[in-house]
Amino acid sequence: MFYLVTYDIVLDRRRNKVAHILEGYGMRVQKSVFECVLTPDQREMLQRKLSRYIKPEEDQVRFYPLSPRYRKKVLVLGLQPQREVDDVAFIV
């Protein structure tokens with residue numbers, strides 16, 4: 001399943017750790033936005049890893065599942081990505 005993963009993390013250290021973890025699962029498309037193709041097991045593992053580093057009363061991470069139908073309708077204005085998240089093999 002394709003997910004758009006976004007985060008709002010208060011402290012730089014936690015934000016950097018969350019970004020580093022997400023880099024292992026997907027492609028950064030904006031400063032706090034990643035595109036990830038995840039199996040249910042990978043999503044669960046990612047959620048567990050991220051939960052270790054966020055502070056629930058201050059931080060937020062959101063997973064937006066996107067169906068193939070709507071994923072094809074994503075519109076990008078401005079700088080176009082040089083590759084798609086499907087172009088990369090991720091080792092978890």
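N16 is exposed, with a relative accessible area of 52%; exposed means over 50% relative accessible area, buried under 20% and partly exposed in between, with a 1.4 Å probe and protein chains only. This is a predicted model, in which local features need pLDDT of at least 70, side-chain atom pairs count only at pLDDT 80 or more, and totals for chains, interfaces and linings use all residues. Residues are numbered from 1 along each chain as its sequence is written, and side-chain values use heavy atoms, with hydrogens and water left out.

**Fold and dimensions**

- The protein chain has 3 helices and 4 strands, where helices (H or I, at least four residues) and strands (E, at least two) are DSSP runs numbered from the N terminus.
- In sequence order, these elements give the pattern β-α-β-β-α-β-α.
- The protein chain has a radius of gyration of 13 Å, close to the 12 Å from the globule rule for 92 residues, so it is as compact as a globular protein of that length.
- That radius is taken over C-alpha atoms, and the globule rule is 2.2 Å times the number of residues to the power 0.38.
- The C-alpha trace of the protein chain spans about 35 × 30 × 20 Å along its principal axes.

**Surface, contacts and charge**

- Among the 92 residues of the protein chain, 26% count as buried.
- The protein chain has an accessible surface of about 6800 Å², and carbon and sulfur atoms hold 52% of that surface.
- Accessible areas come from the Shrake-Rupley method with a 1.4 Å probe, and for residues only the protein chains shown count as cover.
- Of the contacts in the protein chain with a separation of 6 or more, 72% are between residues 24 or more positions apart; contact means heavy atoms within 4.5 Å.
- The protein chain carries 17 positive and 12 negative charges, and their mean positions are 1 Å apart.
- Lys and Arg count as positive and Asp and Glu as negative, while His and the chain ends are not counted.
- Each charge is placed at NZ of Lys, CZ of Arg, CG of Asp or CD of Glu.

**Aromatic pairs**

- The structure holds 2 aromatic pairs; rings of Phe, Tyr and Trp (its six-membered ring) pair if their centres lie within 6.5 Å, and planes under 30 degrees apart count as stacked, over 60 as edge-to-face and the rest as tilted.
- One of the pairs is formed by Y3 and F63, edge-to-face, at 6.2 Å centre to centre with 80 degrees between the planes.
- Y3 lies in strand 1 (residues 2–8) and F63 in strand 4 (residues 60–66), so this pair ties together parts that are 60 residues apart in sequence.
- Y3 counts as buried at 7% relative accessibility, whereas F63 is partly exposed at a relative accessible area of 23%.

**Helix 1**

- N16 is in helix 1, and its C-alpha atom is separated by 23 Å from that of E84, 68 residues apart along the chain.
- R14 also lies in helix 1 (residues 12–23) and counts as buried at 14% relative accessibility.
- Not counting residues up to four places away in sequence, R14 touches I9, Y53, I54, K55, E58 and D59.
- V18 has its place in helix 1 and is buried, with a relative accessible area of 0%.
- Neighbours within four places in sequence aside, V18 is in contact with Y7, I9, L50 and I54.
- V18 and R43 are 25 residues apart in sequence, and their C-alpha atoms are 14 Å apart in space.

**Start of the chain**

- M1 is in the segment before strand 1.
- Not counting residues up to four places away in sequence, M1 touches C36, V37, L38, P65 and L66.
- From C-alpha to C-alpha, M1 and C36 are 8.2 Å apart in space, at 35 residues apart in sequence.
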